[in-house]
Amino acid sequence: MGWVEGRFEENFITTTLEQAINWARESSMWPMTFGLACCAIEMMATGASRYDMDRFGAGAFRATPRQADLMIVAGTVNYKMASRVRRLYNQMPDPKFVIAMGACTCGGGPYYKYGYNVVKGVDLVVPVDVYVPGCPPRPEALLEGLMRIQDKVKGMRYLTKNQPIEVPIPARTGYVQLPPELDDPNPLKAMEKQLAFAKKTKEEAAPSKA
Amino acid sequence: MATATETTQDPTIVEFDVRTDEMLVNMGPQHPSTHGVLRLVLRTDGEIISECTPHLGYLHRCAEKIGENVTPIQFIPYTDRMDYLAGMNMNLAYSLAVEKLCGMKIPEKAQVIRVIIAEMNRIASHLVGMGAYGLDLGTFSPFLYAFREREMILDLFEEVCGARLTYSYITIGGAHDDLPEGWVERCAKFLDYLEPRINEYHTLLTFNHIFVKRTANIGVMSKELAISYGCSGPMLRGSLSRTEGDPDWDLRRLEPYCGYENYEFDVIIPPFPEAPPEAVIGDCWHRFYVRMREVIESIKIVRQGLKRYATAQGSHRVELPKHLHPGEAYVESECPRGQMGFYVVGSPAKSMVPLRVRARSSSFSNLSVTNAICRGCLIADVPAIVGSIDIVMGEIDR
Amino acid sequence: MNAPDIAASLEAQFGPRIKSKKLDAIDPFVVVDPADLVEVCRFLRDDPRLQFDLLNCISGVDYLELDPKKAPKAGYEPHLEVVYHLSSFPHKHRFVVKLILPRWKENKAGDMPVVPSVTSQWAAADWHEREVYDLSGVWFDGHPDLRRILLSEDWAGHPLRKDYEFPLEYHGIRGR
């Protein structure tokens, strides 16, 4: 911590603002109640008495996306549901995280071959931060996935200057249709366009100095 | 716009013409009390519902198409994922259909294992049903107690087959493995633990004043309505009445499979002397209470099964024939949510892959009655009614 | 009542309008013409000896062998079956009624075969018929609200037909 350490009385701690915010954020990661299929039962079991997700600050399951930080996509997503998943994701406030729970959301799972109606992986619809494989994953596995999300939060550096701009559109965007002004047959040019777009929106969103 | 009516005697009282428009309220597919991804479109007049249209298909996973492309053994894991709260019962239902098609005889030991496991899964399923119903009505603690007991059942299942939720344990020709050593004692110990807990749930939830207010005399379904919509399971039994001489409508009693005819159990049919005075037969409370009483019956059956297991003859599994028989077989069995039917059509060319697999899902028929019983209710009663149907979307959409 | 008696009482009532019956099958069934379906169903439901008041299931079965080499040995001609599984609440017996239809109406691909709806007999038929329409492609004439039930409204094709081709893309989401 440098020179400030130990210069104050007891019960004072010194930290950076960024670390303090990240600490608060990672220890109150509110997931959205978003059970789709079988994995939802394991998600409920994770939240219930034995596994008790609340120990890690993630026990407050919110019924509305507007109060949630974390979307646990628990179960098979099909084409009829895909647009809803996307809409719910868009409704969540930033910063938002997505756990793809179970084989179906990771890549179609057992429904890959004959599932005419199953989306072959939820990353075709929303960007995914952590994949938790298994059919269904055990609650321990989901807790592990939650901790990886917490690691990710711990490493966030959005207050520091000169950090690379996060691409707002997922890196694996080939599958979600882009608006024409951001799309280009050449992937490098497309990336440039998207970065320019991202920079512009970030500048517009920044609070004015006066 | 206020128009004073001329009939008003007292000039200080002005009657307002308060007209409301009908409004469409969309509930789901992401809604905490629709048990998954059910979408209900409610046409409401104020708080009163005039029409309730369920929209399905947000979890349609093409199980029937898969069924006609893979062999029956390969299809068993997909049946788990249909009704994910009662995987064992679904495995059993599909196995029974294929066994009926092939004319297989199942040894006694396998039958006993099947009965024990299926009834244990029924207990687990009803426990989740209870917990989730509590959640629907706004109480959280029964859910925690229900999952505490359910985890113990899952531990027992894990010893048996290694999985917590998708078991694929009961398979065509019997069960995948024999019960492990010492399992019978552990199971008996668990049943002794569980039985007194049921009364605790009753004090916690069933006879709770708020719970009774929310469920009694809500969503009343007559017997005729239930039958015409093809309802089954606790949904239908909650509408029957023993005093009117209705039969014990339970497939374990009517068309016994797996040797259920040798077990002693009661089919739970109202009226119940302990029912609260405001509850009427066919309402949400009765449907819920039938489920809770079935847990006790299941405990009774498992106890008898454990006794039988010690002396049961034969192997735990017999081999499948080389190919499916041509022809078709339709079997219904009593799953926790009602009569689950599988219709298997064998290919006339000698093949292991069936020509068609059709799953007649119990929740599908049970849910179709929603519009009829939701009409005229308040919006707040919709979660109570839908919760009392105890749907599992995976089974409805398949 | 057992299956031969049910079939006999049906034959006594309808005579040659019962096209065929198979009593030695695992689940005995009779085959009727689609035009007679509603009448047969009404009789099955209302006759005091039969009283089939529970409609358990309606299923569409597509008989088609896609592989031209295997087709002669398949053991069936290409056709479509609609199967009604019935059971009776008072009498506790079961029976099966079948319709045999061409795969496409007048062999014009895309033209669904037409079956009269039995929603007037059993309310349960409502959703089951919608499902058969959705997945197997059978048009139910007289159904109050025949829409797709499981797949989305703009879906093309009927997946449980054997010659159904899986979509490669749906609204910008790739299929595989």
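I call a residue buried when under 20% of its relative accessible area is left, exposed when over 50%, and partly exposed in between (1.4 Å probe, protein chains only). Helices (H or I, at least four residues) and strands (E, at least two) are DSSP runs, numbered from the N terminus.

**Ground rules.** I'm working with a predicted model, in which local features need pLDDT of at least 70 and side-chain atom pairs count only at pLDDT 80 or more, while totals for chains, interfaces and linings use all residues. Residues are numbered from 1 along each chain as its sequence is written, chains are lettered from A and ligands numbered from 1 in the order in which they are written, and side-chain values use heavy atoms, with hydrogens and water left out.

**Helix α14 of chain B.** I looked up residues 381-389 and found nine of the nine buried, so this helix is largely enclosed by the rest of the structure. The buried list runs B:Asp381, B:Val382, B:Pro383, B:Ala384, B:Ile385, B:Val386, B:Gly387, B:Ser388 and B:Ile389. Just after α14(B), I noted that B:Asp390 has a positive phi of about 55°.

**Chain B as a whole.** I got 15 helices and eight strands. Of the 398 residues in chain B, 64% are buried. The C-alpha atoms fill a box of roughly 90 × 50 × 40 Å along the principal axes.

I also checked contacts (heavy atoms within 4.5 Å). Taking those in chain B between residues at least 6 apart in sequence, 71% join residues at least 24 apart.

For charges, I counted Lys and Arg as positive and Asp and Glu as negative, leaving out His and the chain ends. Each charge is placed at NZ of Lys, CZ of Arg, CG of Asp or CD of Glu. Chain B has 40 positive and 51 negative side chains, and the centres of the two sets are 6 Å apart.

**The sheet in chain A.** Strands pair if DSSP finds at least two bridges between them. Four strands make an open, parallel sheet in the order β1-β2-β3-β4. The edges are β1 (31-32) and β4 (130-132), each pairing on one side only.

I then zoomed in on β3 (97-101), where five of five residues are buried. A:Phe97, A:Ile99 and A:Met101 point one way, and A:Val98 and A:Ala100 the other. β2 (70-74) pairs with β3(A) in the parallel sense over five bridges. A:Leu70 has A:Phe97 as its bridge partner, and A:Ile72 has A:Ile99.
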